[in-house]
2 protein chains.
Amino acid sequence: MSTKKLGKQTIALSTPPSFAGFANVVGKNEGAGPLIGSFDYVDADDTFGQSSWEKSECAMQKQALALALDKAKQAASTLDYLFAGDLLNQCVSSSFAARDQDIPFFGLYSACSTMGEGLILASMALDGGFAQWTGVVVSSHFCTAERQYRTPLEYGSQRTPTAQWTATAAGAAILAQQGEGPYLTHCTVGKIVDKGIKDTNNMGAAMAPAAYDTLSTHFQDTGRSPDYYDLIVTGDLGHLGRELLLELFRQDGIDLAPRHADCGILIFDPKDQDVHCGGSGCGCSASVLTGYLLNGMREGKWNKLLFCPTGALHSPLTAFQGETVPGICHAVAISRQP
Amino acid sequence: MSTKKLGKQTIALSTPPSFAGFANVVGKNEGAGPLIGSFDYVDADDTFGQSSWEKSECAMQKQALALALDKAKQAASTLDYLFAGDLLNQCVSSSFAARDQDIPFFGLYSACSTMGEGLILASMALDGGFAQWTGVVVSSHFCTAERQYRTPLEYGSQRTPTAQWTATAAGAAILAQQGEGPYLTHCTVGKIVDKGIKDTNNMGAAMAPAAYDTLSTHFQDTGRSPDYYDLIVTGDLGHLGRELLLELFRQDGIDLAPRHADCGILIFDPKDQDVHCGGSGCGCSASVLTGYLLNGMREGKWNKLLFCPTGALHSPLTAFQGETVPGICHAVAISRQP
């Protein structure tokens, strides 16, 4: 019997896992943004002391995980499993970062929503009785993403107004069966939603329908209304994607705006930082969660939060072959009380 | 309490999930090999009716999943979750195949060991009480892999003797909380092991130490000796990787040879099919499991089997940057009795 399921897509954890530790590391541009006070480490030149951008991204993951373990007062060897992912081909930032860790490893790919996928699977492992400690770490790097998905930085390509800026950031969370809060209470596992958007420079439009699908399902499965949460945070829809999400809810007679925020909007300053529609990348929502959001919960700013990272599951190859951009969104409910 | 753990890396499932349905589809070359009788569908020209190799691989995943669901006598909507992965950048074969399925989706990346990762996570979801039905599907295609990892087929590049041949194959398994066997009883989650191999045309050597690590840990965690199993099947070490694995066990005074087989060796005929060291790719071990091995168990050929797919977690980019090839191996124990 799957007694822990509510409705079709939501899990209610019987013993909500504790966020025992969490940390993030970011690049220079992110450190110059409005969330500066919530980052554990800001690198001066985005290299993280490495000789290639890919090695830099790998170093970011290692550092974020090490800092999160420190805060949880645990050694890496305590972790029963590590769940990790990134945007690079064959998810190499994660594999190479985990290579020295000696932790049973699960590699994930869910584009910019990977932190959500990782938190869900890590929670299942804990609540199912398969683990006492789990780690989740994800990353993205502007310079690795640009040359892989778009053009080498040296080309100096112009960006379209709907484009988003891949955040140079890594976020890590240590989840435990027991401990101080906040706690992860519910998970809504997303389906792939594709409404036919073909413009890979407009990922907000591609992902907004997936966010709408997962959020509506979450409200239906749990019987909660948006008002139940102090904050509903998508990531990373950006400015345009947020508008589309709000419009989709408006058609259902729901005004999501007062309680909605988006990690892609939060991380950069729209006035002083020229990132067009906002931030993106696995590291964007992960670094906002493991800093601004979870710190805020510990400080009592919010009691109940719904974290809903979004991902665009295309590749340059599928775009060249004329394909549309499928989206996905996973939602996890986080509460100060278990 | 993680009461379901044995030792550091192994899980003993309290209610071993049933392989309720399983199926595979393969390409022409695989269909001309010794396992022809165990494939559900062999495509005549490897296109699967599609206009690009990537779309062909996507079609393979859909077909394998549909056939496995048919055999389990279930609709896709029955599945609580789908776990899927492949070798392509951003795992697009999986995302695009799942786009039309309307099933909560977890994207995985564990190179050629992805079937193992998927079976473990799907089992945790079932045994943890989060699901009643789960699906796992993975794929690889010779033509998509060659142009992504090596050179376009049109170049007609020569292959080195240690190279393996990416199988054009997809395998799918439907796991259920209850049902007829075989049953998945134990999982050993692999760590990343890197012994410094830099030759990406010698993946058997890169992965053999990971297979040794996971297998030895499995025997230690469970207190079982290799003799406990009727068959221990790695995938895909190939001919050279198998020799290295046997040698590593020989150093411990254990002769694994009599009970060992490798999916990369089983799938092609070394005399008539010029694939050098054997087959590889996510679809290789997955199609051997979901045909030859599970059929054989149902027929009573083997009672107890240890399925141990292996993966090489590098990318062309990491190789160009002078990096070594990290390996991983996940092991799942399958039994005719629950």
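Modeller: First, a term. A cavity here is a set of grid points where a 1.4 Å probe fits but cannot get out. Rolling a probe the size of a water molecule over the atoms shows where empty space is left. Keep in mind that the model is predicted.

A search of the whole structure turns up five cavities of 30 Å³ or more. The largest cavity has a volume of about 190 Å³. Its lining consists of 19 residues. Closest to the centre are A:Cys112, A:Arg150, A:Thr166, A:Met203 and A:Ser280. Two elements of chain A give two or more residues each to this lining: α5 (142-149) and α6 (203-222). By class, the lining splits into ten nonpolar, seven polar and two charged residues.

Where does the lining of the largest cavity come from in terms of domains? It draws at least three residues from each of domain 1 (17-176) and domain 2 (183-335) of chain A. So the next thing to look at is how those domains meet.

The C-alpha centres of domain 1 and domain 2 of chain A are 18 Å apart. Contact involves 50 residues of domain 1 and 54 residues of domain 2 in chain A. About 4,000 Å² is buried between these domains of chain A, and carbon and sulfur atoms give 66% of that area. On the domain 1 side of chain A, A:Phe22, A:Cys112 and A:Gln164 lose the most area to domain 2. Together they account for 18% of what that side buries.

Now the backbone. Most residues other than glycine have a negative phi, and most peptide bonds are trans. A:Ala111 has a positive phi of about 50 degrees, although it is not a glycine. A:Ala111 sits in the loop between β6 and α4 (114-127) of chain A. A:Asp102 also has a positive phi, near 60 degrees. The loop that holds A:Asp102 runs between α3 (92-98) and β6 (105-108) of chain A. The peptide bond from A:Gly181 to A:Pro182 is cis, with omega near 0 degrees. A:Pro182 belongs to the loop between β9 (169-176) and β10 (183-188) of chain A. In chain B, a cis peptide bond joins B:Gly181 and B:Pro182, with omega about 0 degrees.

Last, the partner chain. Chain B can be laid on chain A with an RMSD of 0.0 Å, by a turn of 180 degrees and a shift of 0.0 Å along the axis. That is the relation of a two-fold axis. The same surface serves both copies, as 100% of the contact residues of chain B recur in chain A. The contact takes 68 residues from chain B and 68 residues from chain A. Between them the chains bury about 5,400 Å², with 58% of it on carbon and sulfur atoms. B:Gln90, B:Arg99 and B:Phe130 supply 15% of the area that chain B buries against chain A, more than any other three residues.

How values were computed. Residues are numbered from 1 along each chain as its sequence is written. Chains are lettered from A and ligands numbered from 1 in the order in which they are written. This is a predicted model: local features need pLDDT of at least 70, side-chain atom pairs count only at pLDDT 80 or more; totals for chains, interfaces and linings use all residues. Side-chain values use heavy atoms; hydrogens and water are left out. Copies are superposed by least squares on the C-alpha atoms of residues with pLDDT of at least 70 in both. Contact means heavy atoms within 4.5 Å. On a 1 Å grid over the protein atoms alone, a cavity is a set of points where a 1.4 Å probe fits but cannot get out, and a pocket is an open set with protein on both sides within 12 Å along at least five of seven lines; lining residues have an atom within 4 Å of a point. Grid points are joined across faces, edges and corners, and a volume is the space filled by probe spheres set on the points. Helices (H or I, at least four residues) and strands (E, at least two) are DSSP runs, numbered from the N terminus. Domain bounds come from an automatic or database domain assignment. Buried area is the accessible area (1.4 Å probe) that two parts lose on being put together, summed over both.
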